[in-house]
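Please keep the sequence and the model in view while reading.

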Amino acid sequence: MFVTCILTNNMEASLLIVQAENFNRKLRPALELCNSPLRLFLKDRDVLPGVVIADGIICGITNSWKSVLVISDDFLEDLSQWSQFTLDAALYSLSDLIPNRIIVILMGAVQAKDLPEILLNVVEEECILRVEDYQDGDKTLWKDLRKTAGV
């Protein structure tokens with residue numbers, strides 16, 4: 001019996017980011033436009049015009065090392081068709097080949113207890129980061145995100 005190992009450098013993107021609208025302004029410079037950049041997949045930027053959005057999301061998840069869900073009150077209240085679809089697709093992508101594939105970043109007043117139960121059942125506690133816990137202009141948040149993602 002052979003065990004397949006998937007490595008981060010075998011993936012097209014290091015992280016798929018599903019984010020709150022205003023979070024992208026901080027996230028891109030900190031992770032993609034820095035001295036040691038990561039390859040990010042951002043739905044609004046990387047799904048090409050004419051491609052079915054659902055196919056683009058699935059492709060982004062499949063070709064990314066980890067999925068980072070940035071969850072705000074708006075995300076939880078809305079759970080629009082695309083938010084729910086992306087959450088479900090990320091959950092279905094879980095396997096033993098890529099441990100802790102989903103990382104959650106909580107924004108604003110959102111607490112871990114506010115997350116959908118199915119997400120809490122599969123995401124390890126150390127893979128849930130709260131923006132409010134970081135007071136140093138986000139530098140430690142980005143460092144912890146990289147460490148948690150293993151990139």
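## Basis of the description

The structure is a predicted model, in which local features need pLDDT of at least 70 and side-chain atom pairs count only at pLDDT 80 or more, while totals for chains, interfaces and linings use all residues. Residues are numbered from 1 along each chain as its sequence is written, and side-chain values use heavy atoms, with hydrogens and water left out.

## The chain as a whole

The chain contains seven helices and five strands. Helices (H or I, at least four residues) and strands (E, at least two) are DSSP runs, numbered from the N terminus. Read from the N terminus, the elements follow the order β-α-β-α-α-β-α-α-β-α-β-α.

Of the 151 residues in the chain, 43% are buried. Here buried means under 20% relative accessible area, exposed means over 50%, and partly exposed lies in between (1.4 Å probe, protein chains only). The chain exposes about 8800 Å², of which carbon and sulfur atoms supply 53%; accessible areas come from the Shrake-Rupley method with a 1.4 Å probe, and for residues only the protein chains shown count as cover.

Contact means heavy atoms within 4.5 Å. Among the contacts in the chain with a separation of 6 or more, 70% are between residues 24 or more positions apart.

## Pairing of the strands

Two strands pair if DSSP finds at least two bridges between them. Strand 1 (13-18) is mostly covered, with six of its six residues buried. Strand 1 runs parallel to strand 3 and is joined to it by five bridges; within this pairing, A13 stands opposite S64. Strand 1 also pairs with strand 2 in the parallel sense, over three bridges, and I17 has L42 of strand 2 opposite it.

Strand 3 (64-71) pairs in turn with strand 4, in the parallel sense and over five bridges. L69 stands opposite V104 of strand 4. Three bridges then join strand 4 to strand 5 (residues 128-130), and these two strands run parallel. The bridge partner of L106 in strand 5 is R130. Between these two strands the chain passes through helix 6 (residues 117-122), and this β-α-β crossover is right-handed. A crossover has that hand if, with the strands pointing away from the viewer, the path from the first strand over the helix to the second runs clockwise.

## The two sides of strand 4

How many residues of strand 4 (residues 102-106) are buried? The count is five of its five residues, and the strand is mostly covered. In a regular strand the side chains alternate between the two faces of the sheet. In strand 4, I102, V104 and L106 point one way and I103 and I105 the other way, and all are buried.

## Helix 3 and its cover

Helix 3 spans residues 53-62, and its buried residues are A54, G56, I57, G60 and I61. These residues lie on the same side of helix 3 because they cover an arc of only 160° around the axis. The arc is that of the directions from the helix axis to the C-beta atoms. Their cover includes strand 1, strand 2 (40-42), helix 2 (43-46), strand 3 and helix 5 (81-92).

F85 lies in helix 5. Leaving aside residues up to four places away in sequence, F85 touches A54, I57 and I58. F85 and I57 are 28 residues apart along the chain, and their C-alpha atoms are separated by 8.7 Å. F85 counts as partly exposed because its relative accessibility is 29%.

## Other single residues

R130 lies in strand 5. Not counting residues up to four places away in sequence, R130 touches L106, G108, V110 and Q111. The C-alpha atoms of R130 and V110, 20 residues apart along the chain, are separated by 8.4 Å.

N100 is placed in the loop between helix 5 and strand 4. Its phi is near 50°, a positive value in a residue other than glycine. N100 counts as partly exposed because its relative accessibility is 32%.

Is C127 buried or exposed? C127 counts as buried because its relative accessibility is 1%, whereas C59, at 42%, counts as partly exposed. A disulfide is a pair of cysteine sulfur atoms within 2.5 Å, and by this rule the count of disulfides is zero.
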